[in-house]
Amino acid sequence: EASRPKAKATSTGEGLAAVDRAAAQIDCFALAPEWVLAGSWRLDCRVRFLTSFVSGCVVLGYRERDDNVRFSFGAGDFDYAIGASEKQEHDFTDVNWSITGLRDRDGGLVAGTSGGVHFDAPRSTFWLSLVVDGPVLRAFVDGKPVGRYVTVDGAPIEGRIGFATGMGALRVEDLRLSRLERS
């Protein structure tokens, strides 16, 4: 909408963009119709934030609501996005991320990484690579390894892929899914 104020996302390069200040709290979930079979595969995409605060996730191995693995992320200034603050205190200098499983008894194995923060400079875009090899998920942000997840029962990650937001808006660009098996 033209009447909504804009916030600027500063950047040093590729992520330079103006983002919408308002970040609606509306859950959205887009699910691909194709089933990704078990094995070795890779999902690559660029995630671009369109509002001053974003919380979202990539869902892998979706079979049903409580049977999937999620790479979640959030960034920006929540108070500024909802209008509680007139000055933007936080830009996109940090992207908080986590990897969680929603299968029965699934807390992930000790070999996994539950979450962290990534980014060196403020920007409103990042490259995400999720590499699956059977029960193991390795996550890379801007080409750097950030986390790992292993299903608790050793079951392979297979099913549909989805993208979700809990607040704000984002754009997924240059999406590519590749099989990694040699056969």
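## Confidence

Confidence in this predicted model is lowest in strand β1 (residues 6-9), with a mean pLDDT of 42, and highest in strand β4 (residues 40-49), at 95. Here pLDDT is the predictor's confidence in each residue, from 0 to 100. Strands are DSSP runs (E, at least two residues), numbered from the N terminus. Residues 1-17 have pLDDT below 50, yet this stretch has 37 contacts in the model beyond near neighbours in sequence. A contact means heavy atoms within 4.5 Å. Where pLDDT is low, the predicted coordinates should not be read in detail. For the protein, the mean pLDDT is 80, and 76% of residues reach 70 or more.

Residues are numbered from 1 along each chain as its sequence is written. Local features need pLDDT of at least 70, while totals for chains, interfaces and linings use all residues.

## The open sheet

Five strands form an open sheet in the order β11-β10-β9-β4-β13, with antiparallel pairing. β11 (144-150) and β13 (170-179) are the edge strands; each has a single partner, so one side of each lacks a neighbour in the sheet. From one strand to the next, the twist averages 15°.

β4 and β13 pair in the antiparallel sense over eight bridges. Two strands count as paired if DSSP finds at least two bridges between them. Leucine 43 stands opposite leucine 177 in β13.

## The largest pocket

The largest pocket has 13 lining residues; Cys28, Cys57, Arg70, Ala164 and Thr165 lie nearest its centre. A pocket is an open set of points on a 1 Å grid where a 1.4 Å probe fits, with protein on both sides within 12 Å along at least five of seven lines; lining residues have an atom within 4 Å of a point.

β3 (28-31), β5 (53-64) and β12 (160-167) each give two or more residues to the lining. β5 supplies the largest share, five residues.

Conventions: Predicted model: local features only at pLDDT ≥ 70, side-chain atom pairs only at ≥ 80, totals over all residues. Heavy atoms only, no water. Helix = DSSP H or I, 4+ residues; strand = E, 2+ residues; numbered from the N terminus. Axes fitted to C-alpha atoms, helices over the stretch in contact; angles between N-to-C directions.
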